[in-house]
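Here is a short briefing to read alongside the model. Take a look at the structure first, and then we can walk through it together.

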Amino acid sequence: MKHAIGVDIGGGSIRVSLFDGTGNEQKSNLSKTPDHLDNDLFLKTLTETIRPLAKDCIGIGVGSPGPLNNETGTLLKSANMQGLQNVPIKQTLEKEFSLPVYYENDANCAALGEAYFGTYKGCESQLILTLGTGVGGGFVKQGELYTGFLGNGIEIGHTTSVIGGALCGCGAKGCVESYFSTKGFLNRYFEATNTKLTDAESFFQLVRTENKVAKEILHFGTLALAHAVRGAIHLLNPEAVVFVGGITNSYDLFGELLENEIRSNIFSVLNERLKLGKGRNLSGTLGAASLVFANKKV
Ligand SMILES: [Zn+2]
């Protein structure tokens with residue numbers, strides 16, 4: 001059976017796992033990374049974390065937050081690991097291990113992992129939305145990731161819900177993630193009450209205790225997200241739309257409204273065949289390993 005390595009470069013750690021072709025983890029390894037380090041130390045830590053697992057595998061997939069260049073395989077810089085700049089990840093690992101190396105941003109990896117091993121695996125095409133700090137997206141068609149020209153496509157979180165609406169982290173106003181995401185919920189709640197919440201859990205806890213303001217914010221945000229998804233369905237006509245990410249832990253609070261609003265506003269010919277629901281929230285390393293499986297067509 002063909003095995004692949006998945007590497008998840010996150011804030012503070014590098015996780016590496018070896019998977020078989022059915023997505024079962026065989027071995028794993030983990031290294032902590034300090035906040036301040038230079039390119040050489042980072043690349044040394046990365047290769048030494050991978051090395052014990054790099055036998056009998058067909059390739060290495062690497063995922064990390066951006067900004068990155070997926071053609072050259074370079075991490076341009078990192079918000080969590082200061083001191084890194086233009087890190088040649090793909091080039092270094094290919095030379096070190098003589099294996100094909102694929103490098104993508106972690107949202108794209110999550111989308112690919114869900115498409116290969118998730119709730120609707122085997123579908124012809126899937127639009128996967130990552131609902132967390134922000135709203136990310138990935139589109140997988142016939143087993144391949146579509147990232148757009150230069151690799152920055154499917155940024156559904158930054159499509160407009162309200163013209164001239166709330167300020168988004170991207171600098172524009174009225175983006176859907178200003179209304180439906182951890183950042184969006186906390187900012188809208190602060191705007192309405194002058195009270196700072198620290199995380200999505202505390203916001204959803206307020207919704208569970210019937211807090212009127214929190215419920216209204218979630219209701220409007222859910223409609224905003226539903227209509228962004230409606231637009232994307234009409235553009236892409238995917239076989240399945242899947243929601244993953246930390247916020248889906250509270251899917252019971254908004255999933256029904258979200259799905260109903262989407263289904264009642266898309267063309268009926270699309271509605272009859274569309275698969276719609278919550279994904280499996282697979283690991284970042286499996287998402288990264290899926291880059292290898294996608295390119296090797298296992
Ligand atoms: Zn935005």
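Helix H6 (residues 212-236) has 25 residues, and at 1.5 Å a residue it should span 36 Å; its end C-alpha atoms are 36 Å apart, so the two agree. The expected span here is 1.5 Å times one less than the number of residues, and helices (H or I, at least four residues) and strands (E, at least two) are DSSP runs numbered from the N terminus. This is a predicted model, in which local features need pLDDT of at least 70, side-chain atom pairs count only at pLDDT 80 or more, and totals for chains, interfaces and linings use all residues. Residues are numbered from 1 along each chain as its sequence is written.

**Around helix H6**
- Buried residues of H6 include Ala-214, Ile-217, Leu-218, Gly-221, Leu-225 and Ile-233; buried means that 20 or more other C-beta atoms, placed from the backbone, lie within 10 Å of the residue's own.
- An α-helix has 3.6 residues a turn, so residues three or four places apart point the same way.
- Among the elements that cover the buried residues of H6 are strand S9 (125-131), helix H4 (182-193), helix H5 (200-208) and helix H7 (251-263).
- Just after H6, Asn-237 takes a positive phi of about 50 degrees.

**Strand S1 and its partners**
- Strand S1 (residues 3-10) is mostly covered, with six of its eight residues buried.
- S1 runs antiparallel to strand S2 (residues 13-20), joined by eight bridges; strands pair if DSSP finds at least two bridges between them.
- Gly-10 stands opposite Ser-13 in S2.
- Two residues lie between the strands of this hairpin, where Gly-12 takes a positive phi near 95 degrees.
- With strand S4 (residues 60-64), S1 pairs in the parallel sense over four bridges, and Val-7 stands opposite Val-62.

**Domains**
- The domain assignment, whose bounds come from an automatic or database source, gives domain 1 (3-108 + 283-296) and domain 2 (122-278).
- The centres of domain 1 and domain 2, taken over C-alpha atoms, are 28 Å apart.
- Four residues from domain 1 and eight residues from domain 2 make the contact, which requires C-beta atoms, placed from the backbone, within 7 Å.

**Whole chain**
- The protein chain has nine helices and 13 strands.
- Its radius of gyration is 20 Å, close to the 19 Å that the globule rule gives for 298 residues, so the chain is as compact as a globular protein of that length; the radius is taken over C-alpha atoms, and the rule is 2.2 Å times the number of residues to the power 0.38.
- Buried residues make up 44% of the 298 residues.

How values were computed. Contact = placed C-beta atoms within 7 Å. Buried ≥ 20, exposed ≤ 12 C-beta atoms within 10 Å, placed from the backbone.
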